[in-house]
Amino acid sequence: MTETATARQEAPPERVSLEPSQDFVLTEHIEDMTARAMTYLEIGMAVHFAGPAGAGKTTLAFHLAARLGRPVVLMHGDDEFGSSDLVGRDTGFRRSKVVDNYISSVLRTEERVNSVWMENRLTTACQLGYTLIYDEFTRSRPEANNPLLTVLEERILNVPGMRRGGEGYLAVHPEFRAIFTSNPDEYAGVHRGQDALLDRMVTMQVGHFDRDTEVQIVASKTGLALEQTGYVVDLVRALRGASEAGNLPSIRAAFSIARVLVHRGASASPDDATFRWVCRDVLGSSISKLTPQGHSLPTSVVDDVVSRLYREATEHVTH
Ligand SMILES: Nc1ncnc2c1ncn2[C@@H]1O[C@H](COP(=O)(O)OP(=O)(O)O)[C@@H](O)[C@H]1O
Ligand SMILES: [Mg+2]
């Protein structure tokens, strides 16, 4: 029997240092959002970017965190999150993998109970004064996010695991900062009870990019020529505007189409076979949402819609 090294210590929480990426597009609009958010952060307030998928919320959060220049701890909202996951547990399970060499196809995981103080992300960030990015925080159950209430309000973290140590709480480091993101389209579901938390942060609404920013971002990320990118972005935006929710397809659809065009050396035109099939695949479900029943559509219908939107978009651009 071979015991793997995982038994020794829990891995420290993920911590990242950020550097601005090469293809980051900084337009006036993004600069303005950044300046406002930085002001809040500088005076210790928590900032929350709320907006539809693909609006650039997460990227903005990383951009700000990079500007703050502190190490970053990243968390993602998750239905499974218990509040003990957020803070740590006083009695943790240490996992140790036991690999049975004799039955090599069997990998048994043995869990050993150990009273281990598992410091995790929130505790680390609070203790060491890191920047916390909590992405899509409304996906976690409201009670799981409760430890954040006192962190943001009184700058105190209740740590049940420290009970034996006496105090049971720790003062949050003065340089600790928190940046949140969420998508309001998701609030309607089960996680409505986040009002107390929302009340303790400044919520900045992030809408979809303006056309020129979207073109710049797609061109810089994919390497597609600006004019071609313009056609792709206009097509995606026309479809977004036509859909009921108004939020899909996002900029990600434009990335996908542009990447395929670059990869295949194809052209953004309905006469191009590659363009037709990639539009069918990437935009087909959004186009079918335009039908009353939301049924999938025959390829010829999708092609027609793409051609029409393309014509409208290119006519619009040349005016
Ligand atoms: N300012 C920007 N410069 C370059 N790329 C960006 C910028 N903002 C967003 N993106 C890109 O657009 C896509 C969507 O942004 P993201 O931050 O993930 O949106 P959201 O979190 O709102 O869903 C990502 O691929 C991201 O890299
Ligand atoms: Mg995001």
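Modeller: Start at Pro-249, which sits in the loop between H8 and H9. Those labels are DSSP runs (helices are H or I of at least four residues, strands E of at least two), numbered from the N terminus. Before going on: the model is predicted, so local features need pLDDT of at least 70 and side-chain atom pairs 80 or more, while totals for chains, interfaces and linings use all residues. Residues count from 1 along each chain as its sequence is written, chains are lettered from A and ligands numbered from 1 in the order written, and side-chain values use heavy atoms, leaving out hydrogens and water.

Biologist: Which kind of peptide bond joins Leu-248 and Pro-249?

Modeller: The general idea is that most peptide bonds are trans. Here the bond from Leu-248 to Pro-249 is cis, with omega about 0°.

Biologist: And how do I read phi? What is it for Glu-136?

Modeller: Most residues other than glycine have a negative phi. Glu-136 isn't a glycine, yet its phi is positive, near 55°. You'll find Glu-136 in the loop between S6 and H5. Arg-155 is another non-glycine with a positive phi, about 55°, and its loop runs between H5 and strand S7 (156–158).

Biologist: Is Glu-136 buried or exposed?

Modeller: The cut-offs are simple: buried is under 20% relative accessible area, exposed is over 50%, and partly exposed is in between (1.4 Å probe, protein chains only). Glu-136 counts as buried because its relative accessibility is 13%. Arg-155 is at 24%, so Arg-155 counts as partly exposed.

Biologist: What about proline? Where is Pro-142?

Modeller: Pro-142 is in the loop between strand S6 (131–135) and helix H5 (147–153), and it counts as buried because its relative accessible area is 18%. Then look at Gln-194, in the loop between strand S9 (177–182) and helix H6 (195–198). With 2% relative accessibility, Gln-194 is buried, and its C-alpha is 8.5 Å from that of Arg-141, 53 residues off in sequence.

Biologist: Now side chains in helices. What does the side chain of Thr-229 reach?

Modeller: Here we want polar contacts (N or O pairs within 3.5 Å; within protein, one atom must be able to donate a hydrogen and the other to accept it, and sequence neighbours count only if both atoms are side-chain atoms). Thr-229, in helix H8, reaches the backbone oxygen of Leu-224 at 3.1 Å. Thr-34, in helix H1 (residues 28–42), has a polar side-chain atom 2.6 Å from the backbone oxygen of Ile-30. Thr-229 is buried, at 0% relative accessible area, and Thr-34 is also at 0%, so Thr-34 counts as buried too.

Biologist: How many residues does the largest nonpolar core have?

Modeller: In soluble globular proteins, nonpolar side chains tend to be buried together. A core here is a set of buried Ala, Val, Leu, Ile, Met, Phe, Trp, Tyr and Cys residues joined through side-chain atoms within 4.5 Å. The largest one has 31 residues, and Val-232, Ile-257, Leu-261, Phe-275 and Leu-283 make the most contacts inside it. H7, helix H8 (226–242), H9, helix H10 (273–288) and helix H11 (299–318) each give two or more residues to this core. H9 gives the largest share, seven residues.

Biologist: Last one: which residues come nearest to ligand 1?

Modeller: A residue joins the shell if one of its heavy atoms lies within 4 Å. There are 18 around ligand 1, with Val-25, Lys-57, Thr-58, Thr-59 and Lys-221 coming nearest. Helix H2 (57–68), helix H7 (211–222) and helix H9 (251–264) each supply at least two residues of that shell.

Biologist: What does an oxygen atom of ligand 1 meet in Arg-252?

Modeller: An N or O atom of the Arg-252 side chain, at 2.8 Å. Backbone polar atoms take part as well: Gly-54 is 2.8 Å from a ligand oxygen, and Gly-56 is 3.0 Å from one. Taken alone, ligand 1 exposes 550 Å² (Shrake-Rupley, 1.4 Å probe), and the protein buries 88% of that.
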